[in-house]
Amino acid sequence: MQGNKEKILDILKDSSKRFIIPVYQRNYEWKKDNCKQLLSDLIRIKNNNLYSHFFGSIVTEFNPSGNKIELYIIDGQQRLTTISILLLAIYALLEDLKVVSKNINLKDMILEEYLIDKWSQEEKIKLKPVKDDYNAFVALFTRKELIQDSNITINFNFFYNYILDNNISVEDLFDSIQKLDVIWIKLEKEDNAQLIFESLNSTGLELSEGDKIRNFILMDLEPKKQEIYYNKYWNKIEKNTKHHVSEFIKDYLTIKLNFIPSNSKLYFIFKEYVYANNIQIDILLDELYNYSMLYNELLEANTSLKNLNPIIRRLNQLEITVIYPFLLEILNLKHQDKLDNDSIISIFSVTESYLFRRLICDLPTNALNKFYASIHKEIIKYNDSLDEYLDKYVYILFSKKDRLAFPNDNEFKNELSNKNIYALTKKNKVYIFERLENGDSKEDKDIYRHCENGDYTIEHIMPRKLSKIWKQDLGTNYEKIHNKWLDRLANLTLTAYNSKYSNRSFDEKKNMEDGYIHSGIKLNQYIAQFDCWTLKEIEERNKYLSSKALDLWPRPKTSFVPVNNKKNIINLSDDEELFTGQIILSFSFKDMEQQVTSWTDMYETILNILFNIDEKKFYDIVNSAEDEYGLKPYISNDKNSLREYIEITNGLFIEKNTSTHRKIIILKKLFDVYDIQYTDLDFCIR
């Protein structure tokens, strides 16, 4: 096995070699954002006058075949294929006379030195991608019968149009490509390609996204500065986050970008964020360190506000971490003295009530991801200030419907009374009983520690197995009562003596040594006031606990009236019914604002924007056997299956003949596919 640093174009230039992607390799999977990142890096090479840029590794295995040496790509096929597609796009632009080059030989040089072997009597194209990608790649050379749903074609079109639209010099681009370095590892016959492939792609030793970000920040600094910055910032960041740096960076980026970056792209998104905002390393590290201090306050529940820390501990017990970016932003406002302490405590308390009521009412937690990623921005948007922050937050929570709803008192009380509480996860059961036992009392018991150590367990007052005495006490309907109430909250409590209680009679459980009447747990002292445990007592305790729960997890109030409603602004996140009968004047999507003549005009414009972001997602909807998002009735490659259609591209059609209500639903589904926040799309109506 030999390994050397090489220019990627020098590898492609050798006319005696052809590069084969073995059939066991995956299809070509780079997306537009990967290609955009590559172009950004190439432009940066030129602008910063860099001599080289590391582009990863390429591992090849020789396979002599006649007069031509074929190289099988064991690792690095995505990079090699992408560079070939980019070269093809530059060649096509020159061929189409869309751009000109001072180097009159550039077009022919790209084609004949890096893409084909013009002297070959057999296959001329140097790169042979795997499976269906081969046909898509070959078609690019003639640009006839293009395979539109292939990532190969999609990325070719992206490069072609991006270079043209942004007036990028193809000479400068080619010059930067020439500076891409790779480690070229050439395997010999005796090398085991499978073992090397497994080693290179092993998940066990991969760098975490946090590791990659640390390297990105520190690697280009001079050694002395690396050590200073590491000790001053990064080492402390790791300690503050309990070495969960990747999770912390994800929350930090969510705050900055108002969307949740995917785990697999964290490093690239962070890198692009730094470059796009031209952030100096010392300023970046200083801000990361400050946010890591706030992150530690969340992890440890150790803020300077004594009354806030118990709420944070309880929120951590619920383990709904998608709220962290929002909570970090609130703590950041606290440290900047931009929110008063009472508002901060109330915001955390309202969040706890919202999350717990939703948990009891079985509303999905994954619906909260996008919501909490952008809610701070949504709060600010109402009057462009931090004024009335708490009231605006509550108003927004109340405005959400369906999967984001804030259950009202009746819904919460009914679900809590009827729910199988015993079937909940241990952490959620412990959370409920800790709250019911301690409330906001300063004389609280460490329920979490006792449950964690196994001292306390959940006790069924009416036991799982009924004895004769229990059946007699419950009466003739004992079986119905038992089936209905056994695992509900009214029949459950905490005890350190579960094994001693077993299925003893209620009188024994109450009066025995360490029984309810002698318990130091307030929940059991309440139970001990009863002389028996029948349907009457169970229902009475249910009423008591339900009333207590409404106090512990209250539904807040607000008198806030949004100014934006007076300006006739509605948002994609709003209920679909709001759109019926309205006349649209314009829309704003992220940083773009555009006037439109109708909802159909808006709909068609947004569809084209989404298609240009990642057209492969549209093709995946059409070609997938599943219909996960319920979009197949509206997106098709058969125009005859639609009543009236928009042709989004050649051979891909979208239903146009729908109500405004239905258009909004379709856009919401597509935003889910693209993982875009609903709050990014506003509508100005008449």
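Which helices and which strand each supply at least two residues of the lining of the second largest pocket? I looked that up before anything else.

**Ground rules.** I'm working on a predicted model, where local features need pLDDT of at least 70, side-chain atom pairs count only at pLDDT 80 or more, and totals for chains, interfaces and linings use all residues. Residues are numbered from 1 along each chain as its sequence is written, and side-chain values use heavy atoms, with hydrogens and water left out.

**The pocket.** My list reads helix 2 (32–47), helix 6 (151–165), helix 12 (266–276), helix 17 (368–381), strand 10 (584–589) and helix 29. Helices (H or I, at least four residues) and strands (E, at least two) are DSSP runs, numbered from the N terminus. A pocket, on a 1 Å grid over the protein atoms alone, is an open set of points where a 1.4 Å probe fits, with protein on both sides within 12 Å along at least five of seven lines; lining residues have an atom within 4 Å of a point. I noted a volume of about 2,000 Å³ for the second largest pocket, a volume being the space filled by probe spheres set on the points. Of its 45 lining residues, Asp 33, Lys 36, Phe 259, Lys 590 and Ile 613 are the closest to the centre. I sorted the lining into 17 nonpolar, 11 polar and 17 charged residues; Asp, Glu, Lys and Arg count as charged.

Next I traced an open, antiparallel sheet in the order 9-15-10-11. Two strands pair if DSSP finds at least two bridges between them. Strand 9 (569–571) and strand 11 (592–595) each have a single partner strand, so one side of each has no neighbour in the sheet. Strands 9 and 15 pair over three bridges, and I found Ile 570 partnered with Phe 683 in strand 15.

I got two bridges from strand 12 to strand 14 (residues 652–655), with Ile 635 opposite Ile 654.

**A salt bridge.** I counted 36 salt bridges, each a side-chain nitrogen of Lys or Arg within 4 Å of a carboxyl oxygen of Asp or Glu. One of them joins Asp 680 to Lys 377, with the closest N and O atoms 3.5 Å apart. Asp 680 sits in the loop between helix 31 (660–674) and strand 15 (681–685), Lys 377 in helix 17, and they are 303 residues apart.
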